Amino acid sequence: MSLRRCGVLVCGVVLVLVAVGGGLANPPAEEKRPFARADAQILSEIRDHSEAMANLEYLSDSIGARLTGSPQLKQANDWTRDMFTKYGAVNAHLEGWTMEHSWTRGHASARIVSPTEHPLTIAAAGWSPSTPGAVTGPVVYFDVKEKKDFARFRGKLKGAIVIYQEAASLSPPKQDDPNALVSRPMQQPPARIGETPVEDPYATFLKAAKERTEFWKQEGVAAVLRDSNKPHGLLNMTDVSLGRYDIGPIPTAFITGEGYRTIFRMLQRHLPVQVEMEMTNSVGDKPMTVYNTVAEIRGSEKPEEVVIIGAHLDSWDLGTGSTDNGTGSMAVLEAARALAKLNLKPKRTIRFVLFSGEEQGLYGSQEYVKGHAKDLENISAVLVHDTGTGRVLTLGLHDNYQDRELVDQVLAPLGELKLLEPRMARSFGTDHLSFDEVGVPGFFCIQDRAEYNLTHHSQSDTFDKVWKDDLNQGAEVLATWAYNTAELPAMLPRRPLPYNPAKDASKKEEAPKADPISEMDTKILEQVKADAPALKADLTYLSEHIGPRLTGSAKLDDASHWTAEQFKSVGLSNVHLEDWTIANNWTRGPATGHLVAPTEQTLTLATAGWSPGTKGPVRGRVVGVTVEKREDLEQYKGKLKGAIVLFGPPRKMEPPEFPLANPWGKGTIPLAHPVNEKSVDPAAYRQARLAAMKMFAEEKVSAVLIASEKEFGLLNMSVLSRDYQPALVPAAYAVRENYELLWHLQEQGPAEAEVNIEGTLGGKPVQVYNTVAEIRGTEKPDEFVIIGAHLDSWDLGTGATDNGTGSMAVLAAARALQKVGVKPKRTIRFVLFTGEEQGLNGSRAYVKAHKDELPKISGVLVHDSGTGKVLTIGLMHNYGVRETMDHALYPLGKAKEIGLAEPSLRSEGGSDHVPFDEAGVPGFWCVQDIADYDKMHHSQADTLEHVRWDDLTEGAQVLAVFAYNVAQLPDLLPRKPLKEKKADQ
């Protein structure tokens, strides 16, 4: 992986350049200007003056649980209406709708009476009928997976108390994966026209529940016990209506996890279990009116157009509904308070809606949609907050691909909130869905779990479980999103409806047809896995028998010819080496150093790439130079002759975060980065570094030392020049510990050091090669899909992980595709680039040489971040390609051993996809797990023993399936609009 970012000259100061390199970065001032000032005001108002916690405490403790149809919910409706008015929102009112039956919880008790006595803690499920007094019956485990298995229980359930869920272990508790929400496998993409629509999982669940319950009713089941599946005596809650607010057909109760598992264990040991239970619940005998609370801030220019933020005000009644969904409701109220107080006058109307009836099936939001049917075309978008007390991580866009680019613009100024990349994820369990189903862009907040599995629908859902700072952050997200969306030049675009075409009920349902692409994907995955020993043997030979492969070296020449022979040996066609020329090769010599004064210490150094030598030991005073802009150099003129210059102060580094958990706008290459890094103008920084090197030469400094960004004696490596020209001044990297000592000593007083830097430049052009091979396309052979990696490496280690892993993954993908006999529509081309480490030079040479062919390249995928698992694919802000890539990559999401996360739209520099992207070709990269890449990258630790073989095999699987599936697409991948290059780029 090259340290070059966005074409910036790397003068060894990775510490700053990492901040420049990838992701969205901090948007330039012109991009932030429309929203930034107002957003700063909103964030400050909520941070410094929030009333959300006080309001939530009142809602939780003074009003309490808010079951739909209860007096407490009506009290909450009235109170929130009045609070919206108090805060300055206008048109605060209640919108009524009708529910068929209210329900009131009564008493519930149960105990095991045989084979011994055990007390049980239960709670009636919502809208469950009462039992006819105390009932006693045998417990039967209804272990049915398919409807056809019902027959096994026919005639065996009369008077029984049924359980039907397999008991999963609750002890020890599963450790929370902090990255689970962002790294989970991608969902099945939405159906395209003519395909079977993606099923609503709740509809599927409800259908199965109805069939099961009807069977139980026919068989005379006395009652049903459901597993709460929570630890420590916590109960769970939902309703058992088979229709809207209908009374359930069978008395049903939730039982604690501990009680359920006691019964389950007894039945597993074939002990006959008898349970006695009793429930008394009451049901309203006539329909009643319930309400949604609505208020707004009127738009100043387009008041008829509306942006909605919402949450549900109703709750279950075991606790006080604080986290489900008092938090969301009070975040909406707080957003209204802040926006009204600031008097920001958005262009469009911002509407605040607190829905009711959510817990029984999103009924309040469905009624809102029905009541506002004539106004739906004027609703720009809806954002709902409804997953507890945890901070908002990002937004779920529910397959609204057409809105992604605008949502990114809306979120761009909100770096302070550290939001992650928006996701296309869909959710069927909250009120945005009611809007999404009628074509209005409906989004939801993806939140940190924050013990939500414990508080959700349980008696633990109380005010003391609320996290104050996260609640306020949620209000900040809602308020800024609403304001920024209201300020957009146009409403958010809609996707066409019906998006998932409904099945034709008049046609006989046919069995799904076999998908030949999916079948081939399975074969490819299996073949790559079967060939894992060959992959290991290849990388072992490349790393340890050929070794480090510096561009222009004999070792790289050996590797280029060896890989060509490997491609030939597996039967690929058109295998050849494409030559290009570098101005000089370079051979590393030893670099040594000593701190001479004020104390003595040996320095550990490594000559920087393409650096000339010092022509023997040189001794000089140590001078630290800080350069961020050209003007900074003036203070050093006339003061550096003979000095040993320390190029930039040491910065405190912090390890990389899990790439997908990096805030949106940050890079994903897993390298250490400076603490509290600030954004850098790449052009200004590059010019300052070039000017500095020129001045060092003019001042006749003896040598330049650069700090390694690594610790514990590890070095790193890069170049100090461009285009394989000699650096202007002898330079070397110093281990971080030595560098920090030198910097501190020169700050305190005079310090002297002696260094000897050796490096030899060839002095004449050298021919190097890219290795190329193909599987020829059957229908469109003049169109191409490329998978690639760079074969060259630095020379402190053996180049095993950077980038022997990527190169050999490409070879493994080629081997597997050839072995399974794929006949792709388009030609699949495999390219091993060279010269990547000095500035993506091999891939730039490839792009230049194949200029006429570029319009026929569908896409390029590069593997180049070490040995870690491929988490997903980075799409370089190619918004137009996102939905297509979801379909092409989904087999890698559903494959259990891979579980690819949904693609990222981040941009990232530093690898060979970039020259293609710059030329308008869809160029992508593999987003990979950290796997100690920050330690091995460009260091002497880049050796074979650090390779994670299973993850490398997975990387080869990703490359192979990507190549085949993209080659099979009906059309070439869409291009993104080309940006004009600035003069200094």
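Residues are numbered from 1 along each chain as its sequence is written, and side-chain values use heavy atoms, with hydrogens and water left out. As the model is predicted, local features need pLDDT of at least 70 and side-chain atom pairs count only at pLDDT 80 or more, whereas totals for chains, interfaces and linings use all residues.

Helix α14 spans residues 516-530 and helix α19 residues 800-819, and the two pack at an angle of about 125° with their axes 9 Å apart; axes are lines fitted to C-alpha atoms, for helices over the stretch in contact, and angles run from 0 to 180 degrees between N-to-C directions. The crossing of α14 and α19 is right-handed. On α14 the contact (heavy atoms within 4.5 Å) is made by I524, Q527 and V528, and on α19 by A816, L817 and K819. By class, this contact of α14 with α19 has four nonpolar residues, one polar and one charged.

For helix α4 (residues 71-87) and helix α8 (residues 322-342), the axes come within 9 Å and cross at roughly 20°, which makes α4 roughly parallel to α8. The crossing of α4 and α8 is also right-handed. The contact is made by W79, T80, M83, F84 and Y87 of α4, together with M330, V332, L333, A336, R337 and A340 of α8, and by class the contact of α4 with α8 has nine nonpolar, one polar and one charged residues.

Note on methods. Helices (H or I, at least four residues) and strands (E, at least two) are DSSP runs, numbered from the N terminus. A crossing is left-handed if the near helix is turned anticlockwise from the far one by less than a right angle, and right-handed if clockwise. Ala, Val, Leu, Ile, Met, Phe, Trp, Tyr, Cys and Pro count as nonpolar, Asp, Glu, Lys and Arg as charged, and the others, Gly among them, as polar. Angles under 35 degrees count as roughly parallel, over 145 as roughly antiparallel, 65 to 115 as roughly perpendicular and the rest as oblique.
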